[in-house]
Amino acid sequence: MITIDLLLSPLSLLLLSLSTILIILHTTTSSRRNHHSPPGATGIPFIGETLQLISAYKTENPEPFIDTRVEKYGVVFTTHVFGERTVFSADGETNRFILKNEGRLFESSYPGSIANLVGKNSLLLMRGGLHRRMHSLTMSFANSTIIKDHLLVDIDRLVRLNLDAWTGRILLMDEAKKITFELTLKQLLSIEPFEWSENLRKEYMLVIEGFFCIPLPFFPLTYRRAIQARKRVTEALHLVVRERRVERERGVKKNDMLAALFDNDCDDDEIVDLLVSLLVAGYDTTPTTMTLAVKYLTDTPSALAQLKEEHEQITRKKGALVALEWDDYKSMPFTQCVVNETLRLSNIISGVFRRAMTDVKIKDFTIPKGSKVFASLRAVHLDLENFEDARVFYPWRWQKISDPANFMPFGGGPRRCPGHELARVALSVFLHHLITRFSWIPAEEDKLVFFPTTRTQKRYPIIVQKRNVVE
Ligand code: HEM
Ligand SMILES: *[C@@H]1O[C@H](CO)[C@@H](O)[C@H](O)[C@H]1NC(C)=O
Ligand SMILES: *[C@@H]1O[C@H](CO)[C@@H](O)[C@H](O)[C@H]1NC(C)=O
């Protein structure tokens, strides 16, 4: 979705070739004009500091890119990445200010290639009153009341159904994606997993790949494939929506997102775009968090042991292989620490892009109207001033944190992730069934990287073994 991640790679290659020509003509100074805007260096023409950023984020430890600049210029600095001068905020207070003032001082800003893939009616691209209405509609299908009363049953059932089939070596990331996609289809459209959904998911993966490329004459293939796949996905969804409209006219009622969209008088095109964007929003984020939680736990046996104890207590009370209920979810305090710590450390969405709608004064600087702004959530989460031993997985810290103001894995303000509670519940239920039913070991060494997206290089292969559960 919105990360630094996606604005990626073929673009930088193009910029590289352009700039080799241009470097010959130009030379490299950068600390231009506007002494009011945040200090910084904008690197070489056109490429700016993009290559430094990419090479940092391709390692397990991208922090030096931010650390060196914060040290030199302060927590808000100017850089030049992905083709544009960008004000980079590594400051919690500034980030909160930026997010809160969405639509007034700043607005979200996505490249056109992404717009083509998600569709013009996607929540990501909506503005103003329409955005407010659709954001709250999305929230009302994913808020805690709905999860408690309706969604939890399906989440629990689909997680267990998927885990039933696990044996031997699995790629955890792929399995987690399959679970999440099935959950989302069920919640949006009341569709149960079967061949249709698995085929749709394959098309979907092509659409997602398209997010990681920019439509340029040199690199057309992935993007063209993605656009074609998007067409097939939208056709399939249109068919479902049309059928459901007919059913509805005959008086059949269903309780899902689609029904809410019908109630809201959306037309079919709007509905399909919105469905596509919701499928995109959840497809990479939740499964990556699931995978990384398991990786952090595997690498931290004392945390895994404590989590196991918490979940075995639940199964001892109610029996194994029994569906989790809301009260069970609410009695997993250490699980919530693990979830927060995973979100803090992995930063699936490392930050969000905005554009200043007017000259904005922040701290001692003015961010000039029209500037690109990157509010880095990652930088704040990994700042040693905000969290003790910030770069270490230490879930116990959450037993002491009382004011998590500097913790914003789901963003904030009017665009705060409407799926935040859903993601937490899915993650907790997944961890419960995994931990009580399986033991596992990593099948190979695997490494975390942060570019083009946060992920492990090998999709985290593990070998699972069913535990003997007493019913
Ligand atoms: C661990 C999982 C997730 C993380 C870390 C995450 C993070 C985020 C963040 C940081 C934003 C703000 C983007 C911005 O301000 O520009 C966002 C927006 C969004 N998320 Fe999530 N998300 C997750 C899961 C989900 C799920 C499961 C859904 C499905 C309902 C979802 C739907 C959305 C939508 C529709 C938006 C756009 C909101 C808007 O622009 O108004 N997300 N997410
Ligand atoms: C969640 O949304 C429903 C409408 O779908 C609403 O009735 C309920 O009050 C909301 N719950 C919370 C906790 O906001
Ligand atoms: C996890 O973070 C949220 C803020 O996103 C906070 O409200 C909650 O209390 C935290 N949970 C724990 C166990 O600290």
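Student: What percentage of the 471 residues of the protein count as buried?

Tutor: Good place to start! This is a predicted model, where local features need pLDDT of at least 70, side-chain atom pairs count only at pLDDT 80 or more, and totals for chains, interfaces and linings use all residues. Residues are numbered from 1 along each chain as its sequence is written, while chains are lettered from A and ligands numbered from 1 in the order in which they are written. A residue is buried if 20 or more other C-beta atoms, placed from the backbone, lie within 10 Å of its own, exposed if 12 or fewer, and partly exposed in between; of the 471 residues, the buried share is 43%.

Student: Which residues of helix α3 are buried, and which are exposed on the other side?

Tutor: Helices here are DSSP runs of H or I with at least four residues, and strands are runs of E with at least two, numbered from the N terminus. In α3 (residues 63–73), the buried residues are Phe65, Ile66 and Arg69. These cover an arc of only 85° around the axis, so they lie on the same side of α3; the arc is that of the directions from the helix axis to the C-beta atoms. Exposed on the other side of α3 are Pro64, Thr68 and Glu71.

Student: What is the order of the strands in the open sheet of five strands?

Tutor: Two strands pair if DSSP finds at least two bridges between them. In this sheet the pairing is mixed, and the order is β1-β2-β8-β5-β3.

Student: Why is one side of β1 and of β3 left without a neighbour in the sheet?

Tutor: Look at where β1 (76–81) and β3 (106–108) stand: at the edges. One side of each is left without a neighbour in the sheet because each has a single partner strand.

Student: Which residue in β2 is the bridge partner of His80?

Tutor: β1 and β2 (residues 84–89) run antiparallel and are joined by six bridges. In β2, the partner of His80 is Arg85.

Student: Which residues surround ligand 2, and how many of the shell are polar?

Tutor: A residue is near a molecule if its C-beta atom, placed from the backbone, lies within 6 Å of it. Around ligand 2 we find Ser140, Asn143, Ser144, Thr145 and Ile146. Ala, Val, Leu, Ile, Met, Phe, Trp, Tyr, Cys and Pro count as nonpolar, Asp, Glu, Lys and Arg as charged, and the others, Gly among them, as polar. By class, the shell has one nonpolar residue, no charged ones, and a polar count of four.
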